[in-house]
Amino acid sequence: MSIGLIGKKVGMTRIFTDNGDSLPVTVLEVSNNRISQIKKNDTDGYDAVQVTYGKQHGNRLNKATQGHFASAGVEAGRVIKEFRVNAEVLDEMKAGMKLGLDMFHVGQLVDITSKTIGKGFSGTIKRHNFSSNRASHGNSKSHNVPGSISMAQDPGRVFPGKKMSGRLGGEKCTVQNLEIVRIDYDRELIHVKGAVPGAKEAVVILRSGIKSKQTNK
């Protein structure tokens with residue numbers, strides 16, 4: 001249970017280590033994170049910190065959201081995210097407080113959540129990573145097909161959840177234990193080793209790795 005940051009995926013590049021090794025990294029921009037609400041167990045039933053990111057014109061928000069930001073005295077944001085925290089942490093925070101990069105450090109393992117790239121309607125082979133049949137030597141019109149999908153007269157139906165063709169991508173995805181290799185405090189950029197789900201400009205949620213022991217150091 002810890003606070004994270006909201007940002008966007010800038011793109012991918014590479015950096016060179018002191019040994020000359022080339023590391024593929026994803027650049028994340030996490031500037032202007034600010035607290036929009038403090039939720040406590042006494043009033044809301046749980047302890048959490050609500051964080052907003054980006055800027056949004058007031059005419060693009062409904063009245064309720066406009067009033068929510070106005071009562072907190074915070075500039076309207078494009079994204080709102082809640083992070084569950086312990087009650088002791090809430091005493092040190094207040095609405096309007098900005099969150100910086102000091103909560104992360106180089107070498108830390110983090111979990112990153114984003115929305116994967118939507119690929120539209122896809123076939124069974126591509127969607128579920130099935131292996132296709134041979135392309136020659138007697139194969140007739142059965143190259144990239146799923147094959148049999150049901151059973152005989154008993155039960156004589158297709159069971160729910162059968163892996164078949166359909167919509168691929170565009171789903172919430174979390175990649176765990178990605179290493180931070182560089183932090184640019186001036187431009188508020190974080191370089192993460194490896195790939196991050198989502199297209200360029202996609203909104204990402206950056207949190208400490210829940211399965212990593214290094215985050216406790």
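Trainee: Which residues does Ile183 touch, not counting residues up to four places away in sequence?

Mentor: Bear in mind that this is a predicted model. Leaving out residues up to four places away in sequence, Ile183 touches Leu101, Phe104, His105, Val106 and Leu189, and Ile183 itself is found in strand S10.

Trainee: Is Ile183 buried or exposed?

Mentor: Ile183 counts as buried because its relative accessibility is 12%, and the cut-off for buried is under 20%.

Trainee: Which residues have the most contacts inside the largest nonpolar core?

Mentor: In soluble globular proteins, nonpolar side chains tend to be buried together. Here the largest nonpolar core has 28 residues, and those with the most contacts inside it are Val49, Phe104, Ile112 and Ile190. Strands S1, S4, S5, S7, S10, S11 and S12 each supply at least two residues of this core. Apart from it lies another core, of five residues, among them Leu61, Phe69, Ala72 and Ala76.

Trainee: How many strands form the closed barrel, and in what order does it run?

Mentor: Strands of a sheet pair through backbone hydrogen bonds, either parallel or antiparallel. In this model, a closed barrel of six strands runs S1-S2-S11-S10-S7-S12, with antiparallel pairing, and the twist averages 50 degrees from one strand to the next.

Trainee: Over how many bridges do strand S2 and S11 pair?

Mentor: Strand S2, residues 22–29, pairs with S11 in the antiparallel sense over five bridges; as an example to locate in the view, Thr26 has Val192 in S11 as its bridge partner.

Terms used. Residues are numbered from 1 along each chain as its sequence is written. This is a predicted model: local features need pLDDT of at least 70, side-chain atom pairs count only at pLDDT 80 or more; totals for chains, interfaces and linings use all residues. Side-chain values use heavy atoms; hydrogens and water are left out. A nonpolar core is a set of buried Ala, Val, Leu, Ile, Met, Phe, Trp, Tyr and Cys residues joined through side-chain atoms within 4.5 Å. Buried means under 20% relative accessible area, exposed over 50%, partly exposed in between (1.4 Å probe, protein chains only). Helices (H or I, at least four residues) and strands (E, at least two) are DSSP runs, numbered from the N terminus. Contact means heavy atoms within 4.5 Å. Two strands pair if DSSP finds at least two bridges between them. Axes are lines fitted to C-alpha atoms, for helices over the stretch in contact, and angles run from 0 to 180 degrees between N-to-C directions.
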